[in-house]
Amino acid sequence: MYHPFETETFELTATIEPGNADNKHIDWDSSDDSVEIISVGPSSITIKGMSSGFATITATCDGKTATCEVTVIDTKVYKEALANDKDI
């Protein structure tokens, strides 16, 4: 699980096993617009938190899938919580 702030970008990487697999093409998907895929490489993607919310990023290769849960944190809410000594 990853918790970026709005507008923050970060990279996710998938590893294909075995290393000598014939098909190494990965299809990526985001379940929600709060996390946008902004660039795709051979085994990684760069994603960006667009707005507060929750998304599951899915990597699929040769019928097998892996997922990563992402919760985008609203920067304003986070700063207010810090200022008031509260949890988010």
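This note sets out the strand pairing and the confidence of a predicted model.

1. Basis of the note. Residues are numbered from 1 along each chain as its sequence is written. As the model is predicted, local features need pLDDT of at least 70, side-chain atom pairs count only at pLDDT 80 or more, and totals for chains, interfaces and linings use all residues, while side-chain values use heavy atoms, with hydrogens and water left out.

2. Confidence. The protein chain has a mean pLDDT of 87 (pLDDT is the predictor's confidence in each residue, from 0 to 100), and 94% of its residues reach 70 or more. Strand 2 has the highest confidence in the protein chain, with a mean of 95, whereas helix 1 (residues 75-83) has the lowest, with a mean of 76. Helices (H or I, at least four residues) and strands (E, at least two) are DSSP runs, numbered from the N terminus.

3. The sheet 1-4-3. Three strands in the order 1-4-3 make an open sheet with antiparallel pairing; two strands count as paired if DSSP finds at least two bridges between them. Strand 1 (9-13) and strand 3 (35-40) are its edges and have a single partner strand each, so one side of each lacks a neighbour in the sheet. On average, neighbouring strands of this sheet are turned by 35° against each other, direction ignored. For angles, axes are lines fitted to C-alpha atoms, for helices over the stretch in contact, and the values run from 0 to 180 degrees between N-to-C directions.

4. Strand 1 with strand 4. Five bridges link strand 1 to strand 4 (residues 44-49) in the antiparallel sense. Opposite F10 stands I47 of strand 4.

5. Strand 5 and its partners. Strand 5 (residues 53-61) runs antiparallel to strand 2, to which four bridges join it; within strand 5, I57 is the bridge partner of S30. Strand 5 is also joined to strand 6 by nine bridges, again in the antiparallel sense, and A55 stands opposite V70 in strand 6.

6. The hairpin. Strand 5 and strand 6 form a hairpin with two residues between them. In this turn, D62 has a positive phi of about 55°.
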